[in-house]
Amino acid sequence: MTMIEELGRDPRSSARAADEKGQGEPGGGHPLGSAAMAMFDLSLDELREYRPTVAEPDDFDTFWSGSIEEARAAGGAVEVTKIDNRLAVIDTYDVTFPGFGGSPIRAWLHVPAGATGPLPTVVQYHGYSGGRGFPHSFTQWAQAGWAHWVMDTRGQGWSSGGASTTIDAAPEAGANHVPGFMTAGLGDPAQYYYRRVYIDAVRLLDAALGHSTTDPSKIIVTGGSQGGGITIAAAGLAPAAGIDLLGAAPDVPFLCHFQRALQITHRNPYGEITTFLAGWRDQVETAYRTLGYFDGVNLGRRARAAALFSVGLMDPVCPPSTVYAAYNFYGGDATVEKSINVYSHNEHEGGGIYQTAAQLEWFGELFG
């Protein structure tokens, strides 16, 4: 059963959500015939009105504008090389672009065969453990007739496989942390893992804007779970970067309202932070201060692109209240068109192919 919520616009249908089961990206959720987790969070009426206080550091905007400037100043060339993807209807380009600190980050660019652009463009970010995978792994937006950029997530990708990986080459990556990425550099926002990932996401937008296949007036960012959190971050940082996005489609987004998540779920990846703080008992205040810079609630307030969210009301990985916290504050006080698709009996798989169908419709309407 799917319910559609809206704030500020008439919602259009649904959108795609795919992500991890526990820590992996593909599939997720429970198999058909097995029991889903019961609804454990707030009621839907309470979720609609849920606007918690989420601490925001005083230097939040300065931190992020400085991070963007620093990354751009590091320079580096974008390399785009056409490859043989063995697909008749899609052309694929192997992309390397400079991310945070100038580190080389990998991506795919897919376009309809023979297309030269400029085309409406979809930029995709991946769930926890996911990466760009093989050239044929993620091509649906190119199949729809659009340019499709697929970002590798530095240090991740083990659930996607593929012929190449993007390492996290930053010097900051060597700090002690619980296995996984949630606590890498948690003691200092300048060293935290997601500073590098969020800036990578913005730098991929820079790369897309500099390529002939991209229509700069028609760019949508999207992703599920971690990819949904990165989508919110990209949408929130875009105004500071001087980038105008047309839309953002975060599905069952992760990395939102950290403190609430740690209070009501033990599931990874949030559980990595709980494990870390159970050992380093004196680091709780420091950890929450760092997380304030990376919370989707704070980043989403600054977004100006139209948005289509999704949520699973039985999701123990990204609890519904954390998703609604980000959704309800998305766009801040500005008049931003946004809607959320509610999957009442689904866990972290959310809407799956139903959400994909809705995104196809919504993207098409935005692209015109």
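The chain has eleven helices and ten strands, where helices (H or I, at least four residues) and strands (E, at least two) are DSSP runs numbered from the N terminus. The model is predicted, so that local features need pLDDT of at least 70 and side-chain atom pairs count only at pLDDT 80 or more, while totals for chains, interfaces and linings use all residues. Residues are numbered from 1 along each chain as its sequence is written, and side-chain values use heavy atoms, with hydrogens and water left out.

**Exercise 1. Describe how helix α2 packs against helix α5, and classify the residues that meet.**

Step 1. Two packed helices are described by the angle between their axes and the distance between the axes. For α2 (residues 60–73) and α5 (residues 226–241), the angle is about 75 degrees and the axes are 10 Å apart; axes are lines fitted to C-alpha atoms, for helices over the stretch in contact, and angles run from 0 to 180 degrees between N-to-C directions.

Step 2. Angles under 35 degrees count as roughly parallel, over 145 as roughly antiparallel, 65 to 115 as roughly perpendicular and the rest as oblique. The helices α2 and α5 are therefore roughly perpendicular to each other.

Step 3. With contact taken as heavy atoms within 4.5 Å, Trp64, Ile68 and Arg72 of α2 meet Leu237, Ala240 and Ala241 of α5. By class, this contact of α2 with α5 holds five nonpolar residues, no polar ones and one charged residue, given that Ala, Val, Leu, Ile, Met, Phe, Trp, Tyr, Cys and Pro count as nonpolar, Asp, Glu, Lys and Arg as charged, and the others, Gly among them, as polar.

**Exercise 2. Assign a geometry to the ring pairs Trp146 with Phe363 and Phe309 with Tyr327.**

Step 1. Rings of Phe, Tyr and Trp (its six-membered ring) pair if their centres lie within 6.5 Å, and planes under 30 degrees apart count as stacked, over 60 as edge-to-face and the rest as tilted. By this rule the count comes to 26 aromatic pairs.

Step 2. The ring centres of Trp146 and Phe363 are 6.1 Å apart and their planes stand at 50 degrees, so this pair is tilted. Because Trp146 lies in the loop between α3 (140–143) and β6 (147–151) and Phe363 in helix α11 (residues 353–367), the pair ties together parts that are 217 residues apart in sequence. Both Trp146 and Phe363 are buried, which refers to under 20% relative accessible area, with exposed over 50% and partly exposed in between (1.4 Å probe, protein chains only).

Step 3. For Phe309 and Tyr327 the centres are 5.1 Å apart and the planes are at 70 degrees, so the pair is edge-to-face. Phe309 lies in strand β9 (residues 306–312) and Tyr327 in helix α10 (residues 320–329), so this pair ties together parts that are 18 residues apart in sequence. Phe309 is buried, as is Tyr327.

**Exercise 3. Locate the cis peptide bonds at Pro118 and Pro269, and the positive phi values of Val252 and Leu255.**

Step 1. A cis peptide bond joins Gly117 and Pro118, with omega about 0 degrees, and Pro118 is placed in the loop between β4 (104–112) and β5 (119–125). Another cis peptide bond joins Asn268 and Pro269, with omega about 5 degrees; Pro269 lies in the loop between α6 and α7.

Step 2. Val252, a residue other than glycine, has a positive phi near 30 degrees, and Val252 is found in the loop between β8 (247–251) and α6. At 0% relative accessibility, Val252 counts as buried.

Step 3. Leu255 likewise has a positive phi, near 65 degrees, and lies in the loop between β8 and α6. Its relative accessible area is 1%, so Leu255 is buried.
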